Amino acid sequence: MKTVKSLLVAASLVAFSVPSMASTLVAGSKYSVETNSRTLVTQVSDSKEGAYAAGQDMLSELQQSNPAELRSILKANTFQPKELASLQVKDNSYITVEESMNAAGNMEYRALVNVQYQHLRYDNN
């Protein structure tokens with residue numbers, strides 16, 4: 001009886017772990033999907049609204065960039081043509097604003113664009 005229970009538990013674990021692994025592997029190939037993030041900083045603005053607008057402009061530009069431009073901007077490690085061609089910005093990127101005071105006592109604002117991106121990665125194992 002213990003053997004049957006152990007077998008059922010092991011089978012359940014395998015059955016539930018396969019879908020989570022499948023989401024990162026590309027079926028029938030030696031590629032997996034690699035997800036990374038990078039924070040880009042805009043120029044200083046004199047208002048929060050200006051900083052958010054600059055951040056939104058930067059994010060829009062990233063979303064419209066081709067993979068070669070993205071690799072340069074994000075410093076993504078894509079080596080093979082298929083890895084580069086698959087480089088894309090994910091929808092869950094977001095913008096925050098950092099507030100600081102300069103030496104003259106004036107408030108400054110800069111947008112932090114938190115970019116989530118993904119690309120294929122060749123698995124040579």
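**Contacts, burial and ring geometry, asked and answered**

Reader: Leaving aside neighbours within four places in sequence, which residues is T78 in contact with?

Author: T78 is in contact with R71, E83, L84 and H119, once its neighbours within four places in sequence are left aside; contact here means heavy atoms within 4.5 Å. This is a predicted model, in which local features need pLDDT of at least 70 and side-chain atom pairs count only at pLDDT 80 or more, while totals for chains, interfaces and linings use all residues. Residues are numbered from 1 along each chain as its sequence is written, and side-chain values use heavy atoms, with hydrogens and water left out.

Reader: Why is T78 called buried?

Author: T78 has a relative accessible area of 4%, and buried means under 20% (exposed is over 50%, partly exposed in between, with a 1.4 Å probe and protein chains only), so T78 counts as buried. Its place is in the loop between α3 and α4 (81–85), where helices (H or I, at least four residues) and strands (E, at least two) are DSSP runs numbered from the N terminus.

Reader: What makes the pair of Y31 and Y122 edge-to-face?

Author: Rings of Phe, Tyr and Trp (its six-membered ring) pair if their centres lie within 6.5 Å, and planes under 30 degrees apart count as stacked, over 60 as edge-to-face and the rest as tilted. A search of the whole structure finds 1 aromatic pair; the ring centres of Y31 and Y122 are 5.4 Å apart and the planes stand at 65°, so this pair is edge-to-face. The pair links distant parts of the chain, with Y31 in strand β1 (residues 31–41) and Y122 in strand β4 (residues 107–122), 91 residues apart.

Reader: Are Y31 and Y122 buried or partly exposed?

Author: Y31, with a relative accessible area of 12%, is buried, whereas Y122, at 32% relative accessibility, counts as partly exposed.

Reader: What joins the side chains of N114 and T39?

Author: A polar contact of 2.9 Å joins them, a term for a pair of N or O atoms within 3.5 Å in which, within protein, one must be able to donate a hydrogen and the other to accept it, residues adjacent in sequence counting only if both atoms are side-chain atoms. N114 is found in strand β4 and, at 11% relative accessibility, counts as buried.
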